[in-house]
Amino acid sequence: MQVKDIIAQAQSEKRARFSFELLPPLKGDGTEKVFEAIDTLKEFSPAFIHVTFHRELVKTTPLADGTIERHIDRHRPGTVGISAAIKARYGIDTVPHLICGGHSKYDIEDLLIDMDFLGLDTLMALRGDAMKGEPSFVPHPQGHAHAADLVRQISAMNRGEFLDPEDGVSHRSNFCIGVAGYPETHGDAISAEDDILRLKEKVDAGADYVITQMFFDNRKYFDFVDKCQKVGINVPIIPGIKPLSTLKHLDVLPRIFWCELPEDLRRRAARCTSNSDMRKFGVEWASEQSEELIKAGLPVIHYYSMGRTDNVAQIVSNVF
């Protein structure tokens with residue numbers, strides 16, 4: 001079942017579902033940690049699982065002759081493969097991320113063909129971050145500068161349009177497309193208003209649903225949805241929740257993910273003196289957020305787990 005159908009079913013049944021996000025394994029690691037993370041949550045019947053896609057790095061190696069060898073390295077390859085493995089093992093709909101960064105249009109088409117062959121029929125289309133060492137995002141010379149362009153390419157494949165089609169080929173993919181939205185505005189945006197218009201461009205290009213970046217104040221989410229609806233964005237907007245789990249999160253998350261921590265959260269978090277305390281508080285705060293969102297009728301809540309899912313299991317047990 002595609003994510004858009006899962007959302008529609010949850011709406012019709014008037015019951016909330018949850019999804020969560022995982023990282024692919026580090027290069028050289030196996031599937032054990034990923035499967036353990038899923039095993040922690042499978043009894044709660046997750047609606048679907050997202051698997052992130054990570055930018056490449058330029059790695060330098062000194063050679064014996066004094067020269068420097070440069071090559072591309074990915075710390076977490078295998079997004080498509082692990083997504084297919086998860087779906088085959090658990091029967092849970094699995095959504096690989098696909099990013100513009102580091103890919104030509106031809107690379108993207110090949111990845112899409114692999115996903116289509118493997119039965120991965122929902123994907124998350126993202127621009128991706130700047131490569132480490134770059135001051136801002138630089139697109140591949142033959143790639144896409146914006147997520148909306150990536151959505152257009154996927155939508156074209158759904159119509160049977162390929163970059164260099166073979167004679168007589170008429171296959172059409174059937175991808176459901178998710179995109180990202182930013183309740184507190186993307187850091188590269190000109191303004192909050194322009195950021196929402198860029199989201200509308202992605203939806204107009206063919207996106208079927210939106211998952212928000214993390215936020216810690218539900219008012220930010222509700223205001224964002226209202227603004228989106230006013231400009232004609234009518235696809236489902238799934239709230240993305242990140243449970244706090246370390247003391248460093250109070251500083252790191254707002255800076256990296258362009259989100260504010262409400263005063264009440266900071267006041268209550270100030271009582272935490274260890275990462276263990278913060279992890280317990282993170283479950284408490286995220287549970288409160290989730291309860292309010294469920295009462296508002298949200299069909300799906302998405303959790304950013306970063307690979308450790310014991311706290312997500314506690315939240316889900318509390319509220320679902």
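In the predicted model, helix α4 (residues 105-117) and helix α5 (residues 147-158) have axes that come within 11 Å and cross at roughly 50°. An angle between 35 and 65 degrees counts as oblique, and α4 and α5 are therefore oblique to each other. The crossing of this pair, α4 with α5, is right-handed. On the side of α4, the contact is formed by K105, I108, E109, L112 and I113, and on the side of α5 by L150, Q153, I154 and M157. Sorted by class, the contact of α4 with α5 comprises 6 nonpolar, 1 polar and 2 charged residues.

Helix α5 also packs against another helix. The axes of α5 and helix α6 (residues 192-205) come within 8 Å and cross at roughly 5°. Angles under 35 degrees count as roughly parallel, and α5 and α6 are therefore roughly parallel to each other. Here α5 contributes A147, A148, V151, R152 and S155 to the contact, while α6 contributes E201, K202 and A205. The residues in the contact of α5 with α6 fall into 4 nonpolar, 1 polar and 3 charged.

A further helix pair is formed by helix α2 (residues 32-41) and helix α3 (residues 79-90), which pack at an angle of about 45° with their axes 11 Å apart. Helices α2 and α3 are therefore oblique to each other, and α2 passes α3 in a right-handed crossing. The residues in contact are V34, F35, I38 and D39 of α2, together with I82, A85, I86, R89 and Y90 of α3. By class, the contact of α2 with α3 holds 7 nonpolar and 2 charged residues, with no polar residue.

Rolling a probe the size of a water molecule over the atoms shows where empty space is left. The structure holds 1 cavity of 30 Å³ or more, and the volume of the largest cavity is about 30 Å³. Its lining consists of M1, V3, K87, D93, T94, V95, G119, L120, D121 and T122. Strand β5 (residues 93-99) supplies the largest share of the lining of this largest cavity, namely 3 residues. In terms of class, the lining of the largest cavity has 4 nonpolar, 3 polar and 3 charged residues.

Technical notes
Residues numbered from 1 in each chain as written. Predicted model: local features only at pLDDT ≥ 70, side-chain atom pairs only at ≥ 80, totals over all residues. Heavy atoms only, no water. Axes fitted to C-alpha atoms, helices over the stretch in contact; angles between N-to-C directions. Helix = DSSP H or I, 4+ residues; strand = E, 2+ residues; numbered from the N terminus. Parallel < 35°, antiparallel > 145°, perpendicular 65-115°, else oblique. Left-handed = near helix turned anticlockwise from the far one by under 90°. Contact = heavy atoms within 4.5 Å. Nonpolar A, V, L, I, M, F, W, Y, C, P; charged D, E, K, R; others polar. 1 Å grid on protein atoms, 1.4 Å probe; cavity = no way out; pocket = protein on both sides within 12 Å on 5 of 7 lines; lining within 4 Å. Points joined across faces, edges and corners; volume = space filled by probe spheres on them.
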